[in-house]
Amino acid sequence: PGPTGFPSPMPSPQPSLIPSPAPSGMPTPMPSPLPSLMPSPEPSGMPTPMPSPFPSLMPSPQPSDIPTPMPSPLPSIMPSPGPSGMPTPMPSALPSIMPTPVPTAMPTPAPTGLPSEQPTDVPTSTPTITSPPSAHYLEAYITAYYALDGADLTDYEGKRAARFGGRVDRTDALDGTAAVNVSKTTGGLVLPYGVTKRILAAAARSVCLWARADAWTAGATLFNYGTEAARRGFGLGLGAREGLVEIRLPEVTVASVDVRSDDWHHYCLAYDPPALTLFVDGSNATTIANASLDTGNTSSLVLGEGLTGALDELYVYAATLEAGPVELLYRRVTAAPSAGPTAVPTSSPTRTPTGAPSSVPTTRPSSAPTPVPTTSVPTGSPTPNPSPVPTPDTPEPSGTPSEAPTPAPTVDGVGASGTIEVSALPGACSDASFFAAYEVALSAAAAPAVVTVS
């Protein structure tokens, strides 16, 4: 059949098997979804608005004037005849098949993952430098540490010395080393501002020190810094009565605890916003759930203002110390051994026995027998011979009482000679029980015995 004389209003769902001899008068409104089997003899007058999603089967005879804006996602089949003018911005994800002919000028920055099986013949020219071990607990968070050993009032680096008016004296610390007595200072010890610059406002912090109050002075300061306004300071001081220690913020006293005066105690005030905890001698003494601090910077850290006593081992941290680290700081300082024995024995025995026996026997026998004989040499005289006849047992009572009583009661000590003394309280002579006992004494006595009553 031949072509239709007029185009159909709707395209055929299937293409015709034979192409039309002449093009239609009107172009196809939509391009064909499939390319034609044969290429067109001439290029179109207008270029393709979008590049072809697939590369052409044959390369173009000349390169384009404008480079491709994006690199090809796939490498070319043949390498380029010369290197590019610019280096590759990123290294290749995969190593090259062949190694480089010349080693790189710089060594590999990272060491190998595993050590070599054999040591090198020659050591390296520069040793491996490791950071020194920490000298203090939680050194990463420590702001300041002052040993306060007598007249040495610098920090652990030998810097930032404390200022004071008056005079400081050396005194014995709890462990027998030196501590500083601040009783004769004016205004206590004033530390540099840099000690507290990291622990202002609502920042977490911990201040720990040893203190001894030789005389109780109400209002004296153990430590304090900040601004003289409510909850804008941070400190600890002595209360109105002896043995009372107060947390001051400063115009607000939020808590107080009882301690023994005239003795060394370890205090640690730790702030974990908003909670504030006071540790005394390594134990939690009190906790304020909502302290809400806003510490100012008017005054730097002051120690022992108005205190009649001594201070030792100050630690300042820009972090909250929990119970474990606080106990470590407390256990780090132990009491020095006494020169002589204690007047009262300890509640628990010594873990190891003494090397030699004591020269004086113990006043009380031990609860368990001695496992070995007390002496390695027998005594000079043997024990006396046992009696040939054993001591008769006390007869058992009869099942029925006798009809007549015994002429005399059976008592211990029959046949005793000498003087039997009977003592009684005043007025006992009218007591029937006393006379019964007196008669027993008479019947027990032998003929030569004398019974007296006093």
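Trainee: What should I know before I start?

Mentor: The model is predicted: local features need pLDDT of at least 70, side-chain atom pairs count only at pLDDT 80 or more, and totals for chains, interfaces and linings use all residues. Residues are numbered from 1 along each chain as its sequence is written, and side-chain values use heavy atoms, with hydrogens and water left out.

Trainee: What pLDDT does the chain average?

Mentor: pLDDT is the predictor's confidence in each residue, from 0 to 100. Here the chain averages 76. Of the residues, 54% score at least 70. Over residues 410-416, pLDDT stays under 50. For that stretch the model has 10 contacts (heavy atoms within 4.5 Å) beyond four places in sequence.

Trainee: Which residues form a disulfide?

Mentor: A disulfide is a covalent bond between the sulfur atoms of two cysteines. The cut-off used is a pair of cysteine sulfur atoms within 2.5 Å. A search of the whole structure finds one. Cys208 and Cys268 form it, with sulfur atoms 2.0 Å apart. The pair links distant parts of the chain: Cys208 is in strand 6 (residues 205-215) and Cys268 in strand 11 (residues 264-272), 60 residues apart. Strands (E, at least two residues) are DSSP runs, numbered from the N terminus.

Trainee: Is Cys208 buried or exposed?

Mentor: Buried means under 20% relative accessible area, exposed over 50%, partly exposed in between (1.4 Å probe, protein chains only). Cys208 is buried, at 0%. Cys268 is buried too, with a relative accessible area of 0%.

Trainee: In what order do the seven strands of the open sheet run?

Mentor: Two strands pair if DSSP finds at least two bridges between them. The order is 2-5-14-7-8-9-10, with antiparallel pairing. Strand 2 (163-166) and strand 10 (253-258) stand at the edges. Each has a single partner strand, so one side of each is left without a neighbour in the sheet.

Trainee: How many bridges join strand 7 and strand 14?

Mentor: Strand 7 (residues 221-226) and strand 14 (residues 299-303) pair over three bridges, in the antiparallel sense. Look at Gly226: its bridge partner in strand 14 is Ser299.

Trainee: Where is Arg167?

Mentor: Find the loop between strand 2 and strand 3 (169-172). Arg167 is partly exposed, with a relative accessible area of 42%. Leaving aside neighbours within four places in sequence, Arg167 is in contact with Asn181, Lys184 and Thr185. The C-alpha atoms of Arg167 and Asn181 are separated by 8.9 Å. Along the chain, these two are 14 residues apart.

How values were computed:
Helix = DSSP H or I, 4+ residues; strand = E, 2+ residues; numbered from the N terminus.
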